[in-house]
Amino acid sequence: SAIMTWTPEQLARVDAAREIDIAVRRADEDLAAWTPIWVVHAADDVYVRTWYRRDTGWFGLALKTKRARVRVRGVEVDVRIEDIGVGPPGLRQDVDDAYRAKYGGGSTGNMIGDEAAATTLRLLKE
């Protein structure tokens, strides 16, 4: 199916939500368990990260199947997952800045370090 773009209303929901719930699609198309994760929007796209790259849990499954459903403030959207890693420098800075602006200090430091940046995933609406 064609890739859709996030609507301004959906991006506003992402901005307003402290977390979204993600359920990664397994190979058999069933959804894995819902998991709450931090989320940011930068340059009209939606990004998630985890503390460090791993091949277990929701993140490991996301790398394998590249598809998930996200739930944000009552709206569910199917997404395709693009593993961009650290990405180009400008984008890394934009995503880092979005995390800082949304989540402030404290543990946010863990989400803008090199290890976390290497886990950056772009969520593309299906």
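This is a predicted model: local features need pLDDT of at least 70, side-chain atom pairs count only at pLDDT 80 or more; totals for chains, interfaces and linings use all residues.
1. Two strands pair if DSSP finds at least two bridges between them. β5 and strand β6 (residues 75-83) meet it, pairing in the antiparallel sense over 6 bridges. Within this pairing, R67 stands opposite R80 in β6. Please look at that arginine-arginine position in the model.

2. The turn between these strands deserves a check. The hairpin of β5 and β6 has 2 residues between the strands. R73 takes a positive phi there, near 45 degrees.

3. Strand β1 (residues 19-24) runs antiparallel to β5, and 4 bridges join them. I22 stands opposite V70 in β5.

4. Now the faces of β5. In a regular strand the side chains alternate between the two faces of the sheet.

5. Strand β4 (residues 45-48) reads another way. D45 and Y47 point one way, V46 and V48 the other. All four residues are buried. Note that this includes the acidic D45.

6. β4 also has its pairings. Strand β3 (residues 40-42) pairs with β4 in the antiparallel sense over 3 bridges. H41 stands opposite V46 in β4. The β3-β4 hairpin has 2 residues between the strands, and A43 in the turn has a positive phi of about 50 degrees. Strand β7 (residues 121-125) runs antiparallel to β4, joined by 3 bridges. There, the bridge partner of Y47 is R122 in β7.

7. Next, the aromatic rings. The count comes to 4 aromatic pairs. W38 and Y103 form a stacked one, 3.9 Å centre to centre with 5 degrees between the planes. This pair links distant parts of the chain: W38 is in strand β2 (residues 35-38) and Y103 in helix α3 (residues 89-103), 65 residues apart. Why do W38 and Y103 count as buried? Buried means under 20% relative accessible area. W38 has 14%, so W38 is buried. Y103 has 8%, so Y103 is buried too. Ring pairs link W38, W51, Y99 and Y103 into a cluster.

8. One more contact between a charge and a ring. The charged end of R54 sits over the ring of Y52, 5.5 Å from its centre.

Technical notes
Residues are numbered from 1 along each chain as its sequence is written. Side-chain values use heavy atoms; hydrogens and water are left out. Rings of Phe, Tyr and Trp (its six-membered ring) pair if their centres lie within 6.5 Å; planes under 30 degrees apart count as stacked, over 60 as edge-to-face and the rest as tilted. Buried means under 20% relative accessible area, exposed over 50%, partly exposed in between (1.4 Å probe, protein chains only). A charge sits over a ring if NZ of Lys or CZ of Arg is within 6 Å of the ring centre and within 35 degrees of the ring normal.
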